[in-house]
Amino acid sequence: METVAFYSYKGGVGRSQLLAHAAEFLVGLGKGVVALDLDFEAPGLHYKLPEFRPPGSPPFTGGAVPYLLATADGAESAPPLGDHTISVPVFANANGWLRLMPAGPAPHRAYWAALKALGDKLRPADPSGRGFMAMLDLQARIQDELKPDYLLIDARTGVTEIGSLATTILADTVVCMFVGNFEAFDGTLAVIEALKNAPRLTSQKPIRVVPILSREQKFDKYIADRARSVLREKGLTLFVLPHDQFATAEKAISEPLLIKYHELFQRLFERSPENL
Amino acid sequence: METDLLNTLVTEAIWRAEELEALGKRPALSAWEDVSRIEEQLAKALPVSEAQGRIARRGAVDAALKAGDYDRAQALADAYIAEEAAPDSLKTALREILEEADQEIASRFQHAAKHHTPREAREFARRFSEAGAFGMAA
């Protein structure tokens, strides 16, 4: 299982949308994919990857936060993954499959209460190592039981414990997205530096970082050139996704952006030596 | 400090920690740290040859673990095991307390434990705690 975390230092870059399209791309290649929403404070992946629920069926109440809370509460055994993940319908003729573990039933009061309780009981930096083991266990359990080819993680924006854990510890590859301003780029650059120097667990390879300038517009050329140059010095190649007014408005995506998405996914997932 | 007073304090501290545990893990952590520190004082005041001294040593290590401070528990255990007069039964008991803590984590997180040890997770948690997210606070 390859774990790819989608991260952005600032919000509004199209991170969840890119993840959702990446999942669909992989399903089209016949891959099994689990999408995991670790953006606990502002979860939204379930809007991008909606499940099919028959009319009248009860609302889904599972997700990563309720799952981790049940684990932290000291249950004899962790709850079944099936109670906390949902099957996402994929397009006809697709050979792959897609399951989503949303953060939880957000945006509802019970979710925020569960998140508060989780914060009181389980933190990644808990010195006992329990918080760390709980997150590693969730990832390993997904691998053992669901057996996907890819785990795609929507990581928390900014500099947070959970975002850091998702990227520096859980991920094999980190997609770092930013839009065309120095506020976003400077923060992203600091995080990329940190990712490249992050200590790894035994048996883990160094993190692969893929920087992406998203929603590029004509007047972003200066920062695109600057970013390209700075990142090249660090041995990284910048990938640019054009601005798309339909995507920004969360409507259907126009063809130029779709083409760029596919170029990116080929680079991300089809491992030729120059892509490593 | 008088051992009688320390015994009273540790009894109260244990009661408080247990009560706080009912409210949630996090509020109880510092209470267990208090217990461990008082037990440590008792262990200093009472020789290892006395039963009360051995109980205090086990209590200090056990409470440090309940406080989530494995490093401190390990350091205390190492110091008590190194005491010349420490009986083998105490050394064994202290080692078992630490091993049980590891086993409890490994059995709770069985999938992760196939790839990573609780010791490694603790080491990373410690680095994480010291350096902050992305090591930005380092």
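Guide: L213(A) has V240(A) as its bridge partner in β8(A). The two strands concerned are β7 (residues 208-216) and β8 (residues 239-242) of chain A, which pair in the parallel sense over three bridges; strands pair if DSSP finds at least two bridges between them. Strands (E, at least two residues) and helices (H or I, at least four) are DSSP runs, numbered from the N terminus. From β7(A) the chain passes through helix α8 (residues 221-233) of chain A to β8(A), a right-handed β-α-β crossover: with the strands pointing away from the viewer, the path from the first strand over the helix to the second runs clockwise.

This is a predicted model, in which local features need pLDDT of at least 70, side-chain atom pairs count only at pLDDT 80 or more, and totals for chains, interfaces and linings use all residues. Residues are numbered from 1 along each chain as its sequence is written, while chains are lettered from A and ligands numbered from 1 in the order in which they are written.

Elsewhere in chain A, 33 residues are in contact with 27 residues of chain B; contact requires that the C-beta atoms, placed from the backbone, lie within 7 Å. On the side of chain A that touches chain B, the elements giving two or more residues are α4 (109-121), α5 (130-146), α6 (161-170) and α7 (182-197) of chain A. Of these, α5(A) gives the most, with ten residues.

In chain B, A73(B) is found in helix α4 (residues 70-81). The C-alpha atoms of A73(B) and A63(B), ten residues apart along the chain, are separated by 8.0 Å.

Key:
Contact = placed C-beta atoms within 7 Å.
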